[in-house]
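Hi,

Here is the structure we talked about. Please load it first; my notes follow below.

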Amino acid sequence: MPKNSTPTTLSPSEPPGPTDALELAALRAIVEGTAHATGEAFFRALVRNLCLATGVTNAFVAEFADSETRVRSLAFWKNGRWIETQEWELAGTPCEDVLRGGLCHYPAGVSQRFPKEEGVESYLGVPLRDADGGILGHLAIFDHRPMLPEPRLLFTFQIFAARAAAELDRIRLLKQLRQSEERFRDLFDEAPIAYVHEDLQSRFIRANRTAMRILGITPEQVPGTLGMSFVPNTPEAQRRVKEAFASIGRGTDTSGVVLELRRRDNNQPIWIQWWSRPDPSGQFTRTMFLDITDRVLMEREQAQLKAQNLYLQEEIKSDHNFEEIVGRSAAIQSVLSNVRRVAPTDASVLIQGESGTGKELIARAIHSASHRRDKPLVKVNCAALPTGLVESELFGHEKGAFTGAIARRIGRFELADGGTIFLDEIGEIPLEVQVKLLRVLQEQEFDRVGGKAPIKVDVRVIAATNRDLLKAVADKTFRDDLYYRLNVFPVFTPPLRERTEDIPLLLRFLIEKFAPRIGKKIEGISSKSLQRLQSYRWPGNIRELENVIERAIILADGPLLEVDAEMLPGSTDPAPDAGFAVTSGATLEAVERQHILAVLEKVGWVIEGPNGAAHILDLHPSTLRYRMKKLGLTQERR
C-alpha cells in the first residue's frame, strides 16, 4: 500500500486566512441555499453543493439501516447524476473507519486498501452525531483523483457535515415525535376513560371513542360541537356546569364534579364525573370524564327504597283495622265484585262511605289485586296534615324552600312512583293544593315545593272520603274537575247497620284477633249479647264494633263473651234469649246455622211478619226459607 494511503485524521482549528474570503463568501451562499429545504430535498441540495464547494465528483450522506453494520444512502451524487437509494455493508469499506471515530481522510490509495472501492482514489468522511454524541450516519466525498488535506477543504467539509448532522437529528426527533404521537393517539382513542379537548367556549376540538360513545355522537359531529349543548335546561344542571366552567376560567382544576347531561342520539339522561384543566397555552382545556350513570341511578334507587322502607316501617307501626275483608252479605259481595273489576286497570277510584266502614281496606284490596302489587301502596291521611304542609307532604320540597326546610324531602307521590297512592279524606285538601293534584292526575307530573323542574311519575290514585263531595262541589269547596277526575270508578262501602248478617262472622274474626293478644280464652258470645249487637245502629261502624269487642274481651271473666248495654250508647236490651253462643273455631256454616236457629226458636218459628225471623235477620222470607233448607233447619229436625 502506498505511504500516502494511510488515513489521516484531521481537526483543523484555524479558519482560512483573508486570501480565502471570496471562497468563504461563495461557500456561505451555497450553505444558505439549503436553509429552506428539509428531508430528502435538503440532503440532495447538500451533497450536490458539497461537490461544487470542494471540487470533487462524488458525495453522499447515509444513515444506519437495520443495524449498525449496514447503511442506507439518503442522497447520492455521483459523476454528475443522482444514484437511487442504496444499502451496503460497512465491512471492507472506508465508511467502516469513519463510523468508528471522527473525521477520516484517505488522500490516495483507497482502491488498494479497500478492493471493493474499485476506481476510487481518495475519500473524506465524517460521522454525523446527535446532540448527545450518538452516531446517526455519516457524510462522505470521494474522487478518482488524489484529495490533498487542504485546510479550506476540511473546513468546508465540516460546515456541511454540521448541517447534515443537524438535519438528520431533526428527522430522527421528528420520527420519534410522530411515533410518540401515534402511541398517544392510540392511547387517547382507545382509552376506557373519555377524553375531550375543548376551546374556552366549550367547542370540541377532538374527542376519543369512549367520549363519543358516552355522549352519543359520531366522529363527524365532534369538530365544533358545543359541550354546553349536552347540558339539560334545568336549574340544577345549569348551575353545576356554570360553576365548573367558572373554575376553569379562574385557572383552577376541577376535581370530580358530577354533571347531568343528555345524549345527542336519543336524549337519554346520563351522569358523568368530570375533570378539566386549562392547557398551559390558555387556548383550550383538556377534559376527562367517567360515565357514572349506573351509579347515580343506583344511588337514587337506594334513596327511594330507603324512603319507602322508612314509610313502610311507619305504616307497620300503625294498626290497620283488618288483614282481610270479612263478610258474606250481598252488600259486601257487591263491593268485592267491583274491586275485582277495577283492580286490573289503572283507573282512578273514589271510595265513599261512612267513617269506619273499611275504605282503606278496600283500597288495599284494589292495590293487591292490581299489576302494581309489587310496588308500594302509599297512604296519606289528608285530614291529619297541617294546612301549610299538605303540598310539601304530597309533592316534597327542596332544601331551603321554606323556613325549616333544612334538607330535600321526597313527597308521597314520588315514593309511590310505579305503585298506588291512597288519599284518605280527600275532601279535606285545600283548594290551592287541589289544582296541583289535578295536574298530577292529568299529566302525571308535579313540582316539588321550591323546585324548578317537573318530576314525572307513574302513580295510580285511589281516594276516599266520608263527605258528600257533590255538595262540596256545589258549595265551591271542592273543584268539580278534580271530582270528575277522581270519580272515574266509584265504590261505596256499606255501613255495618246494612250488613248485620255479617256480625257473627266479624265477631268470630275479632275474638280470634284480640283474645290471644289480651291473654283470654273466649269460646263464644251469648245470644243476648249477639242480639244486642245486631239491633244496635253502629254509628261508628266496624271501627266501633272492633273497639267494643276488644273492651268486652278485656272485661270478660269467663269463656263466654258478654256485651253489656252500657257499652252501646242508646241501645235497648233485646228480649231474653236461649243463650246462643258463637264458638271459637266453628265453621262459618255452623255459626250461621246456630244463629238462624236461635232466632227461629225465639219467635216460635214464625218466618214472616214484623215479629218474624226474616224481619229480625233482615232477610226476605223466601231467602230465609232457602237458607233454612240448605242448612237442614226444620222445626221437626231441630
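**Pockets, cavities and a parallel sheet**

In the largest pocket, α8 gives the largest share of the lining, eight residues. Keep in mind that this is a predicted model.

The volume of that largest pocket is about 1,300 Å³. It is lined by 34 residues, and E260, W271, R300, R408 and R448 are the closest to its centre. Besides α8 (293-317), the elements that supply two or more lining residues are α7, β10, β11 and β19 (455-456). By class, the lining has 16 charged, 14 nonpolar and four polar residues.

The second largest pocket has a volume of about 760 Å³. Its lining counts 31 residues, with T500, E501, Q534, H595 and L617 closest to the centre. Here α19 provides the largest share, eight residues. Two or more residues each come from α16 (503-518), α17 (527-535), α19 (588-602), α20 (613-617) and α21 (621-631).

Searching the whole structure gives two cavities of 30 Å³ or more. The largest cavity has a volume of about 150 Å³. Of its 16 lining residues, E198, G227, L261, I272 and W274 lie closest to the centre. At least two lining residues each come from β8 (194-199), α7 (235-249), β10 (257-262), β11 (269-278) and β12 (284-291). This lining has 13 nonpolar residues, two polar and one charged.

Next, the sheet. Five strands form an open, parallel sheet in the order β14-β17-β20-β13-β21. β14 (377-381) and β21 (489-492) are the edge strands; each has a single partner, so one side of each has no neighbour in the sheet. From one strand to the next, the twist averages 20 degrees. β14 pairs with β17 (residues 420-424) in the parallel sense, over five bridges. In that pair, N381 stands opposite D424 of β17.

α10 packs on this sheet and touches β13 (349-352), β14, β17, β20 (460-465) and β21. The direction of α10 makes about 150 degrees with that of β13.

What does α10 pack against at an angle of about 35 degrees? The partner is helix α9 (residues 330-342), with its axis 9 Å from that of α10 (residues 359-368). The crossing of α9 past α10 is right-handed. V335, V339 and V342 of α9 meet I362, A365 and I366 of α10. The residues of this contact are six nonpolar, no polar and no charged.

Best wishes

Key:
Residues are numbered from 1 along each chain as its sequence is written. This is a predicted model: local features need pLDDT of at least 70, side-chain atom pairs count only at pLDDT 80 or more; totals for chains, interfaces and linings use all residues. Side-chain values use heavy atoms; hydrogens and water are left out. Axes are lines fitted to C-alpha atoms, for helices over the stretch in contact, and angles run from 0 to 180 degrees between N-to-C directions. Helices (H or I, at least four residues) and strands (E, at least two) are DSSP runs, numbered from the N terminus. A crossing is left-handed if the near helix is turned anticlockwise from the far one by less than a right angle, and right-handed if clockwise. Contact means heavy atoms within 4.5 Å. Ala, Val, Leu, Ile, Met, Phe, Trp, Tyr, Cys and Pro count as nonpolar, Asp, Glu, Lys and Arg as charged, and the others, Gly among them, as polar. On a 1 Å grid over the protein atoms alone, a cavity is a set of points where a 1.4 Å probe fits but cannot get out, and a pocket is an open set with protein on both sides within 12 Å along at least five of seven lines; lining residues have an atom within 4 Å of a point. Grid points are joined across faces, edges and corners, and a volume is the space filled by probe spheres set on the points. Two strands pair if DSSP finds at least two bridges between them.
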